[in-house]
Amino acid sequence: MIFRPFTICPGFVRAVLALAAAIGFACSARAENIELGLPVGCEIGQTCYIQNYVDDDPSQSSRDYKCGTLTYDRHNGTDFRVPSLAAQRSGVDVLASASGRVLRARDGVPDAVGKPAREAVRDVECGNGIVIEHPGGWETQYCHMANGSLAVKPGDDVARGQRLGRIGLSGLTEYPHLHFTVRYRGAMVDPFAYGAAPGSCGGGESLWQPAFRAQLAYQDRAVLNAGFMSGPPTMELIEEARADEQSLSANSPALVAFVRAIGLKAGDVQGLVIKDPQGQVLAENRAAPLQSNKAQYMLFAGKKRPPNGWDHGTYKATYTVERDGKVVLEKRLELAL
Ligand SMILES: [Zn+2]
């Protein structure tokens with residue numbers, strides 16, 4: 001009994017030490033974690049979209065941090081996509097996501113529209129890019145920037161949010177986007193699920209600043225482009241955003257509504273219905289269930305001009321994606337003639 005204080009005390013001391021170590025560890029772990037701002041000067045879900053996340057699956061299959069399909073095998077970053085070439089040309093800034101020092105930078109790789117030959121971009125897959133070194137062993141990398149747009153050079157100190165250049169089409173890329181990679185002590189990490197156990201589907205910690213987390217909330221499908229045209233749409237027309245410029249009139253040869261969506265899954269059922277100013281169905285396209293996941297998919301519905309031209313009034317189009325009888329994505333459009 002006499003020794004009890006001593007037997008308790010060392011235990012207590014051990015507990016205090018363990019607690020201190022735990023607090024110390026928690027503090028240092030928290031202090032070590034980088035806080036990331038948005039690396040792009042656009043609004044996620046409005047003027048740009050996340051096309052791909054990090055592949056969190058170590059095997060040959062792929063899986064994003066929510067165990068979803070928005071990635072591909074060995075993808076080591078997050079892809080922020082602008083919806084069209086026209087939007088890219090109008091200029092979307094790439095921003096430093098945290099303060100640090102520019103470690104490496106490359107400019108001078110041409111912006112190339114269309115799928116590049118792998119040979120042509122060998123050793124320059126990242127295209128025009130920047131690597132920034134941050135305190136505590138963190139690095140961020142920015143790829144596929146526009147040729148001639150780099151605004152910083154190695155050795156420059158940059159502040160979070162500082163403009164680094166513009167989103168482009170350089171290196172191994174088929175559409176305008178920023179590929180953004182985060183590394184800690186040389187190893188790639190997923191900024192949406194830092195430290196997640198493999199296969200945890202949503203575990204780990206977000207490295208994004210709290211102010212951006214709502215904007216960055218996971219969206220498993222999204223409408224990238226939608227509009228009306230006076231004829232059949234093509235991917236090229238959508239990329240050139242001609243649809244937005246197209247002024248339809250009562251004499252237009254056809255009235256077509258189109259949608260390009262990303263993140264669609266095998267089994268999704270898409271529908272697109274156009275109603276005339278009287279509320280009658282003018283055209284409808286109900287697609288067969290998708291046979292496979294689609295990184296992007298275009299659907300349209302339309303009708304040729306009636307002999308007396310188009311009635312004046314408001315035409316309404318509704319695009320839906322259904323799954324198991326439930327609408328999982330919807331977009332409504334209006335056209336005043
Ligand atoms: Zn990428």
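## Model and confidence

Residues are numbered from 1 along each chain as its sequence is written. Because the model is predicted, local features need a pLDDT of at least 70 and side-chain atom pairs count only at pLDDT 80 or more, while totals for chains, interfaces and linings use all residues.

The protein averages a pLDDT of 89, and 88% of its residues score at least 70, pLDDT being the predictor's confidence in each residue on a scale from 0 to 100. Over residues 1-31 the pLDDT is below 50, and beyond near neighbours in sequence this stretch has 0 contacts in the model; two residues are in contact if their C-beta atoms, placed from the backbone, lie within 7 Å.

## Overall make-up

The secondary structure comes to 5 helices and 17 strands, which are DSSP runs numbered from the N terminus (helices H or I, at least four residues; strands E, at least two). Of the 337 residues, 35% are buried, where a buried residue has 20 or more other C-beta atoms within 10 Å of its own, an exposed one has 12 or fewer, and a partly exposed one falls in between, with C-beta atoms placed from the backbone. Among contacts with a separation of 6 or more, 68% join residues 24 or more positions apart.

## The sheet E11-E12-E15

An open sheet is formed by 3 strands in the order E11-E12-E15, with antiparallel pairing; two strands count as paired if DSSP finds at least two bridges between them. Strand E11 (222-229) and strand E15 (294-304) stand at the edges with a single partner strand each, so one side of each is left without a neighbour in the sheet. On average, neighbouring strands of this sheet are turned by 10° against each other, direction ignored, the axes being lines fitted to C-alpha atoms (for helices over the stretch in contact), with angles running from 0 to 180 degrees between N-to-C directions.

Strand E12 (residues 254-264) is joined to E11 by 7 bridges in the antiparallel sense, and Phe228 has Ala257 of E12 as its bridge partner.

## Strand E13 and its partners

Strand E13 (residues 269-275) pairs antiparallel with strand E16 (residues 314-323) over 7 bridges, and Gln270 has Val321 of E16 as its bridge partner. E13 also pairs antiparallel with strand E14 (residues 281-286) over 5 bridges, where Glu284 is the bridge partner of Val273. E13 and E14 form a hairpin with 5 residues between them, and Gly279 in its turn has a positive phi of about 90°.

In a regular strand the side chains alternate between the two faces of the sheet. In E13, Gln270, Leu272 and Ile274 make up the covered face, whereas Val269, Gly271, Val273 and Lys275 make up the uncovered one.

## The largest nonpolar core

The largest nonpolar core has 67 residues, and those with the most contacts inside it are Val40, Val94, Tyr142, Ile167, Ala257, Phe258 and Leu272; such a core is a set of buried Ala, Val, Leu, Ile, Met, Phe, Trp, Tyr and Cys residues joined through C-beta atoms within 7 Å. E12 gives the most to this core, with 8 residues. Domain 1 (49-213) and domain 2 (222-336) both give residues to this core, so it lies between them; the domain bounds come from an automatic or database domain assignment.

Leaving aside neighbours within four places in sequence, Val94 is in contact with residues including Val40, Tyr142 and Ile167.

## Gly37

Gly37 lies in the loop between helix H1 (4-32) and strand E1 (49-52), and counts as partly exposed because it has 18 C-beta neighbours inside 10 Å. Not counting residues up to four places away in sequence, Gly37 touches Leu95, Ser97, Ala98, Arg160, Gly161, Gln209 and Phe212.
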